[in-house]
Amino acid sequence: MTALNRVPSLMVRAGTASALTIAAVGGSIVVPGIASEAAAATHATKALKIAASKKGAPYRYGATGPSRFDCSGLTLYSFKKAGKKLPRTAAQQYNRTRHIGAASRKAGDLVFFHSGRNVYHVGIYAGKGRIWHAPKTGDVVRLQKIWTKSVWYGRVK
């Protein structure tokens, strides 16, 4: 469906509508190549909200929800509920994402903590240098500031 189909009154009155007119009335424009980025952003936003909704859920090694999680279990659960499939472990998830630089990170991207070449932890970027994650045994799902520069970022495809 094109933007013009979503704003029929503009077509009737003017015959065509400019991009600015469509945007002004809350319409949307279909641009080739942008749809996949927009869809990824939607899934990421949903996954971020789902992770945040699990605030306070206890950490349990190997758990994938819905009431207990380990780090990659939280990301797997959140993206699955948002309509995207991820593999089980943090390292496998890193290998399945599109790698991006810190300057390109957006809320909903995955943050991978690493030592050398080994990924050992993952969380969902919440913006302002913070992540939602399931930290460790004895802790709970929570929002926390990224505590190291040894991170890589990945965007779920």
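Student: How many of the 11 residues of α5 are buried?

Tutor: Helix α5 is largely enclosed by the rest of the structure because most of its positions count as buried (under 20% relative accessible area; exposed is over 50%, partly exposed in between, with a 1.4 Å probe and protein chains only). This is a predicted model, in which local features need pLDDT of at least 70 and side-chain atom pairs count only at pLDDT 80 or more, while totals for chains, interfaces and linings use all residues. Residues are numbered from 1 along each chain as its sequence is written, and side-chain values use heavy atoms, with hydrogens and water left out. The buried residues of α5 are C71, S72, G73, L74, T75, L76, Y77, S78 and F79, and their number is 9.

Student: In what order do the elements of the protein chain run from the N terminus?

Tutor: The chain holds 6 helices and 6 strands; helices (H or I, at least four residues) and strands (E, at least two) are DSSP runs numbered from the N terminus. Read from that end, the order is α-α-α-α-α-α-β-β-β-β-β-β.

Student: What is the relative accessibility of Q93?

Tutor: Q93 lies in helix α6. Leaving aside neighbours within four places in sequence, Q93 is in contact (heavy atoms within 4.5 Å) with S72, T75, L76, L86, P87, R88, L110, F112 and V122. Q93 counts as buried because its relative accessibility is 0%.

Student: Why is the pair of F69 and Y77 edge-to-face?

Tutor: The structure holds 5 aromatic pairs. Rings of Phe, Tyr and Trp (its six-membered ring) pair if their centres lie within 6.5 Å; planes under 30 degrees apart count as stacked, over 60 as edge-to-face and the rest as tilted. F69 and Y77 are both buried. Their ring centres lie 5.2 Å apart, and the pair is edge-to-face because the planes stand at 65 degrees.

Student: How many residues apart in sequence are the parts that the pair of F113 and W147 ties together?

Tutor: This pair is stacked, because the ring centres are 4.4 Å apart and the planes stand at 15 degrees. F113 is buried at a relative accessible area of 0%, whereas W147 is partly exposed at 43%. F113 lies in strand β2 and W147 in the loop between β5 (142–145) and β6 (151–155), so the separation in sequence is 34 residues.

Student: What is the distance in space between W147 and G129, C-alpha to C-alpha?

Tutor: Residues up to four places away in sequence aside, W147 touches F113, H121, I131 and H133. W147 and G129 are 18 residues apart in sequence, and their C-alpha atoms are separated by 9.0 Å.

Student: How many bridges join β2 to β3?

Tutor: Two strands pair if DSSP finds at least two bridges between them. β2 and β3 form a hairpin with 2 residues between them, and G116 in the turn has a positive phi of about 65 degrees. S115 stands opposite N118 in β3. The two strands run antiparallel, and the number of bridges joining them is 6.

Student: In β4, which residue is the bridge partner of I124?

Tutor: β3 is largely enclosed by the rest of the structure, because 7 of its 10 residues are buried. β3 and strand β4 (residues 130–133) run antiparallel and are joined by 3 bridges. Their hairpin has 2 residues between the strands, with K128 in the turn at a positive phi of about 55 degrees. The partner of I124 in β4 is W132.
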